[in-house]
Amino acid sequence: MKFSFIKSRDSRSNLLVREISYIAKMDVWKSIKIKRTFRQIRMEKIFRSSLVLVALSILVLVIAFLFTLIVQSMPSIKALGFSFLFGKTWDPVANVYGTYPFLLGTLFTSFLALIISIPFSFSIAIFLGEYYPRGWFSEFLKNSIELIAAVPSVIYGFWGLFVLVPIVRSMELKLGVTPYGIGIFTSSLILAIMIIPYAASLGREMIRMVPSSLKEAAYSLGATRYEVIKTVILPYSKSGLFAGILLSLGRALGETMAVTMVIGNTSIIPKSIFDPGNTMASVIANEFTEAASTLYLSSLIELGLILFLVTVLINLIGKKIIKRFTTD
Amino acid sequence: MENTILKAIDFDAYFGENHVVKKINMEIPKNNVVAVMGPSGCGKTTFLRCINRMHELIEGATTKGKMMLNNEDVYGMHPIFVRHKIGMVFQRPNPFPNLSIYDNVIAGYKLNGMKIAKRDKDIIVEQSLQKAALWNEVKDSLHKKGTFLSGGQQQRLCIARAIAMEPEVLLLDEPTSALDPISTSNIEVLLHELKNNYTIIIVTHNMQQAGRVSDKTAFFYMGELIEYDITKNMFTNPQDKRTQNYITGRFS
């Protein structure tokens, strides 16, 4: 009896103590929680502002880039004006800077490369997008195509110099034109290989996005696979395929190293596709170290500015088309 | 017996290892509307897609058994030829978005690269649209894009597109499940008229619809054909317990 009374009193007091400590704990816990919440909010703010800072610095970088190009090319813009674009001779020794041969070289190589690469990239896109979208072979092919884009361009240049140039030379001998081996045609071949992945990967994505209900509708009317591709898939994905071509054009225009190695680097207006020439990018790469006078350097930078603007513009248009296509 | 246009004999369909349609034996009489109903996943759509060999377009899909169209095995013919004879309308209206209403109707001829004279084309388009009860609504806008039409009109356009090929059998895969009640009843009325010229097989999960439009009804459950009878008998006096449960709404 006595024992039980003590026990009960004890337990009651225990209860009291426990209650008090509980309340105290609650308070501590609350204050910890509040502190924690403040810290969380502060962390969140720091995190966000650092992200914004990094994002802004990229933007600043691009603008600074453009700004530097413009400022540095001012001397040549002022001195040469439009004769810079349409002048037919480039002779730094005589201080004559006309970039018409390079504009022509760039356009020739890029469009020739496009013409060569389009049949390949479209075929690959259709093959991977519609014919064999799954399976080890298509996976292997897809990865190989992407690998093409990952190979450093200097390696393409090497390969072009040692493998492609002799082949082109023997071909030129048979055709009866001057057998340079190097030149616009060889550069275009190299470029065509390099830009295939761009149009092929994007084209594949676009072809896979064609709704299966449309394909089924065509199949149910008795169309063959070829007819489905021709009359349903290609019309539906044409703007996406076009955007792929634009992106690979942007790549071809700006490609420097491989082209510089096989184009021949002469500042003469090319008369045929087998002539050696120069592109805007290859001139910059080749002559940058030799540019002693201010005007010479400034002209090269102005070339860079033009190249920069053209490639940015082409990329923007391409991305815009893709966006419109994917949101439809 | 002579009236039978389509006959499935011990027909099985698989998705890889998955046995989705099991040993179907079914005869479909000419100029009838046959409804195929059953809970979702019972293989009714797969069975329908086997009839015009659309099933095999899916990777890993295989079939076994015979599907006789006018006593000729569909699986012995070229699939292109089969699909000319057996037209199909899908669950969601799928007119070609880049084609006009006119071009949608003759899309079958265009796709197959058949050259036909302009006058014949006009006749085919008008007749098909009239049969699909769409002519009066679209005759002034034949060269507008088909996607401007309402859902129900688009579905009737798809029916017109299918019957423009002059098929013998028309397969409809839940053709009204994406449509409102008015468009649905339009299409149901249309089916009554179409059965004079075609044999129609319609998959539906809607029992009322099966009761309204069909002459015969088949009930599929877990890939098997449980019961197949004249629609009236089926709904008033189902033989199988599972059919009865389904009709009375005890499972769906």
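This note goes through the two chains of a predicted model, point by point.

1. Conventions. Residues are numbered from 1 along each chain as its sequence is written, and chains are lettered from A and ligands numbered from 1 in the order in which they are written. As the model is predicted, local features need pLDDT of at least 70 and side-chain atom pairs count only at pLDDT 80 or more, while totals for chains, interfaces and linings use all residues.

2. Domains of chain A. Chain A is split into domain 1 (1-34) and domain 2 (68-327); such bounds come from an automatic or database domain assignment. Taken over C-alpha atoms, the centres of the two domains of chain A are 80 Å apart.

3. Strands β1 (residues 4-15) and β2 (residues 18-29) of chain B run antiparallel and are joined by eight bridges. Helices (H or I, at least four residues) and strands (E, at least two) are DSSP runs, numbered from the N terminus, and two strands pair if DSSP finds at least two bridges between them. Two residues lie between β1(B) and β2(B) in this hairpin, and Gly16(B) in the turn has a positive phi of about 60 degrees. Leu6(B) is opposite Ile28(B) in β2(B). β1(B) is also joined by eight bridges to the antiparallel strand β4 (residues 61-69) of chain B, with Ala8(B) opposite Met67(B).

4. β3 (residues 33-37) and β9 (residues 216-221) of chain B are parallel, paired over four bridges, and Val36(B) is opposite Ala218(B) in β9(B).

5. Ser183(B). This residue belongs to helix α8 (residues 181-194) of chain B. Ser183(B) counts as buried because it has 20 C-beta neighbours inside 10 Å; the class needs 20 or more other C-beta atoms within 10 Å, with C-beta atoms placed from the backbone. Leaving aside residues up to four places away in sequence, Ser183(B) touches Gly151(B), Gly152(B) and Gln155(B), where contact requires C-beta atoms, placed from the backbone, within 7 Å. The C-alpha atoms of Ser183(B) and Gly152(B) are 4.9 Å apart, although 31 residues separate them along the chain.

6. Interface. 17 residues of chain A are in contact with 20 residues of chain B. On the chain B side, α2 (79-85) and α4 (107-111) each supply at least two residues, and α4(B) gives the largest share, four residues.

7. Helix α7 of chain A. In α7 (residues 212-220) of chain A the buried residues are Lys215(A), Ala217(A), Ala218(A), Tyr219(A) and Ser220(A). The buried residues of α7(A) pack against α8 (225-254) of chain A, together with α2, β6 and α4 of chain B.

Definitions and conventions:
Buried ≥ 20, exposed ≤ 12 C-beta atoms within 10 Å, placed from the backbone. Contact = placed C-beta atoms within 7 Å.
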